[in-house]
Amino acid sequence: MESGKRKVILLNASNMESYPVYPYAFIQVPAVARLYDVEVICQDLLGVHQDDRGKLLQILLSDHDPAMVLITLRNTDSMVAADYDPETLNKNQRKAYFPIERTRELINAIREISANKIVVGGFAFSLLADDLMGYLQADFGVFGGPNGFFEHFDEIQTGEYDHVPNLLYFQDGDLVSSDRCFYPPYRGTEYTSSKVKEMMSFYEN
């Protein structure tokens, strides 16, 4: 097996500093990918300073040589007013919560150091998929379940993706959205022992 051709990195820049949650995408996406023999390396960027992200990205790309870089976008904003109140934020030494902007910054940071194709998905992305593709300028977007993406993983890499369900991409400057497909619940074990350990470590920190 050629290095990196069956491996992706999955990043999250949309976690909440005030209420961090282990991303469900870090559970769901690797589980679905396993069905199609694709390995997913997950990395949450919560607590990683903006100045250190480039270095971390370089390490991840060098260590894992992924075929593509995936990004999950779970939320578009916060429903807690304090997450945008300057006085409260200054008191707690936090920044306002802008997950879409942080995701766009992440995409730009990846572009600076890598030619990897970038794929964005997640619950929030699926709510506003067309608009967010225009704003984020990712190479691909995945609406809803990632099953079709991983089923056709090899074809996507070779440019044959017009038949892949739930996929968005640009063609001659225009946004193309393939047929939408909904999948039944996952029947295997999503929460493996290794994932449970990762979750426990996440919340301990």
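Me: How many helices and strands does the secondary structure of the protein come to?
Reply: This is a predicted model, in which local features need pLDDT of at least 70, side-chain atom pairs count only at pLDDT 80 or more, and totals for chains, interfaces and linings use all residues. Residues are numbered from 1 along each chain as its sequence is written, and side-chain values use heavy atoms, with hydrogens and water left out. Helices (H or I, at least four residues) and strands (E, at least two) are DSSP runs, numbered from the N terminus. Counted that way, the secondary structure comes to nine helices and seven strands.

Me: What is the radius of gyration of the protein, and what does the globule rule give for 205 residues?
Reply: The radius of gyration is taken over C-alpha atoms, and the globule rule is 2.2 Å times the number of residues to the power 0.38. The protein is as compact as a globular protein of its length, because its radius of gyration is close to the value from the rule. For the protein and for the rule, the figures are 17 Å and 17 Å.

Me: What percentage of the 205 residues counts as buried?
Reply: Buried means under 20% relative accessible area, exposed over 50%, and partly exposed in between (1.4 Å probe, protein chains only). Of the 205 residues, the buried share is 44%.

Me: Which residues does leucine 70 touch, not counting residues up to four places away in sequence?
Reply: Contact means heavy atoms within 4.5 Å. With sequence neighbours up to four places away left out, leucine 70 touches Val8, Ile9, Leu10, Leu11, Val29, Val119, Phe149 and Phe150.

Me: Is aspartate 37 buried or exposed?
Reply: Aspartate 37 is found in the loop between H1 and S2. Its phi is positive, about 60°, although it is not a glycine. The C-alpha atom of aspartate 37 is 9.8 Å from that of phenylalanine 153, 116 residues away in sequence. With a relative accessible area of 56%, aspartate 37 is exposed.

Me: What is the relative accessibility of glutamine 137?
Reply: Glutamine 137 lies in the loop between helix H6 (129-136) and S5. Its phi is positive, near 60°, in a residue other than glycine. Glutamine 137 counts as partly exposed, because its relative accessibility is 44%.

Me: What distance separates the C-alpha atoms of alanine 81 and threonine 189?
Reply: Alanine 81 is in the loop between S3 and helix H3 (86-92). It is exposed, with a relative accessible area of 63%. Alanine 81 and threonine 189 are 108 residues apart along the chain, and their C-alpha atoms are separated by 37 Å.
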